[in-house]
Amino acid sequence: MMKPSMLRSLHSAVSRGSSHLSRRGYATEPAPTRKVAILGAAGGIGQPLSLLLKLNPLVSSLSLYDIGGTPGVAADVSHINTRSEVVGYQGEEQLGKALEGADVVIIPAGVPRKPGMTRDDLFNINAGIVKSLAAAIAKYSPHALVNIISNPVNSTVPIAAEVFKKAGTYDEKRLFGVTTLDVVRAKTFYAGKANVSVADVNVPVVGGHAGITILPLFSQATPQANLDDDVIQALTKRTQDGGTEVVEAKAGKGSATLSMAYAGAYFADACLKGLNGVPDVIEPSFVQSNVTELPFFASKVRLGKNGAEEVFGLGTLSDYEKQGLENLKAELASSIEKGIKFANQ
């Protein structure tokens with residue numbers, strides 16, 4: 001059982017974090033009202049994601065949707081003494097209400113990865129789920145920033161784009177594939193090898209969000225550390241295989257739900273800050289892009305009042321990273337095309 005002193009420490013830490021967010025974002029001005037909708041809120045990612053967003057002082061309304069189980073999650077989370085009002089919605093007939101007026105929509109819905117499964121094995125189930133949810137977003141919250149977590153992100157983002165195009169609501173600045181977990185992992189693994197504080201570390205991660213399409217740019221990591229080539233290669237491989245590492249460690253009982261929820265909450269917070277006019281909010285994301293010849297690509301994005309205000313190029317790459325970039329293109333192109341084809345069939 002948690003001691004009262006530990007509970008007080010946890011509560012004060014959350015309070016400090018909230019006040020720090022508020023100070024950093026707004027000085028003395030009250031935060032604007034912002035509605036965030038989570039589609040798939042009763043799932044393995046959705047529940048901890050709901051908890052983390054309930055702790056975010058930038059959220060005034062938290063809308064939790066799933067095909068089942070959401071009233072319980074909403075009731076549980078709603079008892080937390082933070083700013084946002086929480087409402088749970090269950091079943092397709094309530095999806096419209098869940099989405100109406102949303103500023104940010106996060107989609108962790110779908111089935112998780114099991115041992116031996118690739119992200120591509122998830123395609124047939126999760127592609128259909130994202131397609132139907134995207135159609136509802138186009139109808140009920142066409143101006144929301146849409147954060148897609150459902151794998152395979154390399155295909156589900158193009159699916160959503162095609163659905164929005166057909167509905168006449170597509171805005172390339174408002175659709176994001178959440179690749180933040182790759183960044184979180186790269187920072188953590190790099191800090192361990194470079195023997196620096198992880199709080200000070202930044203590592204851009206580009207490409208896509210599966211296997212070799214994930215390309216961490218350790219040559220651009222800060223603070224700089226002169227790591228040997230074999231260490232950089234091992235860090236790259238571990239970042240690319242991070243999801244598999246967790247799936248195997250959980251031995252068939254789940255995938256990376258907790259770290260993904262953290263990454264999803266972190267990126268949603270960046271989107272909210274951008275919407276609220278906080279300057280220089282820059283995070284990598286999988287977006288429509290002219291950075292390479294591929295129509296979608298993850299690189300650093302400046303988030304603002306209209307969503308993706310600027311998509312940055314790759315900067316200077318090491319020879320190893322240049323080779324990694326060439327190696328990922330065929331697989332990423334195939335995954336994008338698979339999504340487009342699915343959406344249009």
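This is a predicted model: local features need pLDDT of at least 70, side-chain atom pairs count only at pLDDT 80 or more; totals for chains, interfaces and linings use all residues.
## Asn154

Asn154 is buried, at 3% relative accessible area (buried: under 20%, with a 1.4 Å probe and protein chains only). Residues are numbered from 1 along each chain as its sequence is written, and side-chain values use heavy atoms, without hydrogens or water.

A polar atom of the Asn154 side chain lies 2.8 Å from the backbone nitrogen of His209. The side chains of Asn154 and Thr213 make a polar contact of 3.2 Å (N or O atoms within 3.5 Å, one able to donate a hydrogen and the other to accept it; residues adjacent in sequence count only if both atoms are side-chain atoms). Beyond four places in sequence, Asn154 also contacts other residues, including Phe286, Leu332 and Ile336 (contact: heavy atoms within 4.5 Å).

## Nonpolar cores

The largest nonpolar core has 47 residues (buried Ala, Val, Leu, Ile, Met, Phe, Trp, Tyr and Cys joined through side-chain atoms within 4.5 Å). Leu39, Val105 and Ile107 have the most contacts inside this core. Elements giving two or more residues include β1, α6 and α11. Helix α5 gives the largest share, 8 residues. Domain 1 (35-178) and domain 2 (180-339) each supply at least three; these bounds come from an automatic or database assignment.

Beyond four places in sequence, Ile107 contacts Leu39, Leu133 and Ile137, among others. A second, separate core has 40 residues, among them Val36 and Cys271.

How values were computed:
Buried means under 20% relative accessible area, exposed over 50%, partly exposed in between (1.4 Å probe, protein chains only). Helices (H or I, at least four residues) and strands (E, at least two) are DSSP runs, numbered from the N terminus.
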